[in-house]
Amino acid sequence: MSTHPLLADLNERQQQAVSATDGHMLVLAGAGSGKTRVLVHRIAWLIQERQYSPFSILAVTFTNKAAAEMRGRVEQLVGSSVRGMWIGTFHGLAHRLLRAHYMDVGLPQNFQIIDSDDQQRLIKRLIKSLNLDDKRWPAKQAQWYINGKKDEGLRPQHIETYDPTEQTLKEIYTLYQESCDRAGLVDFAELLLRAHELLRNNRIVREHYQNRFRHILVDEFQDTNSIQYAWIRLLAGSQNSVTIVGDDDQSIYGWRGAKVENIHQFLSDFEGSETIRLEQNYRSTSTILRAANSVISNNSGRLGKDLWTDGNDGEPISLYAGFNEMDEARYIVARIEEWRDQGGSLQDSAILYRSNAQSRILEEALLHARVPYRIYGGLRFFDRQEIKDALAYLRILGNRDDDAAIERVINTPTRGIGNRTMDMIRQAAREREESLWQAAKYMVNEKQLAGRARNAVGSFLDFIESLDDETEEFSLGRLSDEVIKKSGLMAMYEAEKGEKAETRVENLKELVTACENFTLDDAEEDMTPLNAFLAHASLEAGEEQADEYQDAVQLMTLHSAKGLEFPLVFMTGVEEGLFPSQQSMDEPGRLEEERRLCYVGMTRAMEKLVLTYAEQRRIYGQELFHKVSRFISEIPADTLHQVRLQTKVENPNSYGRFNNAASHESFEQTGYSLGQRVRHPKFGEGTVLNYEGTGPQSRIQINFDNVGSKWLVVAYARLDPV
Ligand code: ATP
Ligand code: MG
């Protein structure tokens, strides 16, 4: 019997799923078992074999990029355009519905979407306008409340409460909604809620779409929330077929309200639904798969799936213990260069990290080695808003006439210097042909500004001057720390407290680390450290990100790697306190979510998986000594290959720069090497981490097993190699 071309490269279970007749179906299967592939082939099958018009198909994916890829694959399979098929993310599809029916939902035609940051700022303003104390009523809390209610489908009028706290939150919600409606603004949760209300309340619209979408298919179903689920139910009505694919072990958005229980709910709500389990993994070597299966088996309450492969063993998983994050980054870059030299393409390699702040040091190492890279779903470190804000202050300290820097932060954080005042200063600067700083000074001294504005501008000028005086003797690290704090930037981002704002705070702290570790190289002896650092930062930011078609290493968080695959994968920072994250360690539920994230990360690798960690890490402006992650101990020892510390290291003392041969030689003269194990008569055994200075003054940093890190003068340390 000859197989249909659409079924040709599928296994029996996959064929069964692809060619199933109408009706509901759950495909429950582990990573890399072909769930997404089944979805693509099923769509093609419906169009080609079952003669469904693309018009009658609705497919939901997790990212816009995944949607574009899926559309492309389907077109390739059916050999024609599938225009008319709706495919996108829940938010994208909801947006589309609202655009088509803006009048029915009471929105202006040009309604705008606001992101989580905009939303928080708006809420903050409203809390103030209600004369509420914003310490007692943080915007973040109100935001959580509002979005949580929207996710449950509740409007203020549906909330009945006698609890005084909730009554106030309800009042904020009410005011917020009125204000959004007046301005034609729609937040993310509102997109879903409003689209849901449209379908629920408007019979004509509902029936139109129910009659249209005969087949609804959802990828990554384990990460849907309540309102998304309710949406699918409404669209499905009583006659349409719903196919969902998912993996409970890959549910990683619980912290955002995703409900893995929706899988059970589906089975009871969608009658007669067929469950298909796929058990063969086509993505990874058996070594990688065995390791990932072993890690996830430590979670409880799993739906339970077997996953096997008939692929070969492949190479063992490498585990590299860097003595610090620089060493970790250097090792990764060396491995990538090796991969490239052996004919591998950069595109095929991905570096995954738990926290965004980890990217800086990796980016720097890649830039230094001239290896093109791309950050997937994010900005590069020095391009990020908060980093640019902080750098603007530093730039002003270095050069008062830096107009762009003044424009950026003269009123960030807000200090009452409005647009009108700025316009006057700009005009004066133009007329007098001087910088904004000079013009502002003139206008303050000559009383050219009205009282309030004059005070505001005057105190900004004074603030910069006094900051400059105070910090004259400071090291670059201390200077940046002072600037971030005194300018109010840190407080501003700390007060915002959104998910994004938390990342911003981490990034600011990471900037301090970058400054602390920065050293001038020989060619820069004539520059001040501040100017050299600023030059370095703007060069990095200005450096073009690899464009879409250039061969480049992919950098991304573990969360955004979901659904993707790469021949070579680095999973970095595999340390207790970072991964699993500190906050998750005392909560079993969250720890299990971290473990699922680990499972997601490991199963992205097709041929080679490299795990790395750092014994010492400077991150978020702190020096941390982490133990290797518990997840490593959950990997069978026979699949792991420990890479030994490289004793031959380029200048370890220079975090910001990757080569500095002179100081390296001077360190070698001490007779110790980085990563070397030594014994001290009093402190016991430890590992050499760092050193500074030359000659009799040189000091060495050792992380002692029992007493932690210490700096010792080499000449007196009485260290014995072990
Ligand atoms: P994840 O859970 O990570 O999203 P998935 O279950 O969606 O994974 P896919 O991405 O669809 O898995 O498939 C993983 C890889 O295996 C892809 O490269 C896919 O092309 C390949 N693959 C799937 N099924 C087969 C098959 N029957 N024969 C050959 N290759 C296959
Ligand atoms: Mg998939």
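Two strands are said to pair if DSSP finds at least two bridges between them, and strands of a sheet pair through backbone hydrogen bonds, either parallel or antiparallel. With that in mind, keep throughout this tour the caution that the model on your screen is a predicted one.

**First stop: the seven-stranded sheet.** Select the strands of the open sheet whose order is β11-β12-β10-β13-β14-β9-β17, seven strands with parallel pairing. At its edges you will find β11 (373–375) and β17 (640–643), and because each of these has a single partner strand, one side of each is left without a neighbour in the sheet. If you follow the strands across, neighbouring ones are turned by 25° against each other on average, with direction ignored. Now zoom in on strand β10 (residues 349–353) and strand β13 (residues 566–571), which pair in the parallel sense over four bridges; here A350 can be selected together with V569 in β13, which stands opposite.

**Second stop: the six-stranded sheet.** Next, select the open sheet of six strands, which runs in the order β3-β2-β6-β7-β1-β8 and again has parallel pairing. The edges are taken by β3 (86–88) and β8 (274–278), each with a single partner strand, so one side of each lacks a neighbour in the sheet. From one strand to the next, the twist averages 10°. For a closer look, pick strand β2 (residues 57–60) and its partner β3, paired in the parallel sense over three bridges, and then find L58, whose bridge partner in β3 is W86.

Colour the protein by its domain assignment, which gives domain 1 (5–98 + 193–280), domain 2 (112–183), domain 3 (317–380 + 545–643), domain 4 (383–534) and domain 5 (661–721). Where domain 3 and domain 5 meet, the contact takes five residues from domain 3 and seven residues from domain 5. On the domain 3 side of this contact, the residues are two nonpolar, two polar and one charged.

**Last stop: ligand 1.** Which residues come nearest to ligand 1? Of the 19 residues around the ligand, these are G34, K35, T36, R37 and Y282. By class, the shell is made up of four nonpolar, nine polar and six charged residues. Finally, show domain 1 and domain 3 together with ligand 1: both domains give residues to the shell, and therefore the ligand lies between them.

Terms used:
Residues numbered from 1 in each chain as written. Chains lettered and ligands numbered in written order. Predicted model: local features only at pLDDT ≥ 70, side-chain atom pairs only at ≥ 80, totals over all residues. Helix = DSSP H or I, 4+ residues; strand = E, 2+ residues; numbered from the N terminus. Axes fitted to C-alpha atoms, helices over the stretch in contact; angles between N-to-C directions. Near = placed C-beta within 6 Å. Nonpolar A, V, L, I, M, F, W, Y, C, P; charged D, E, K, R; others polar. Domains from an automatic or database assignment. Contact = placed C-beta atoms within 7 Å.
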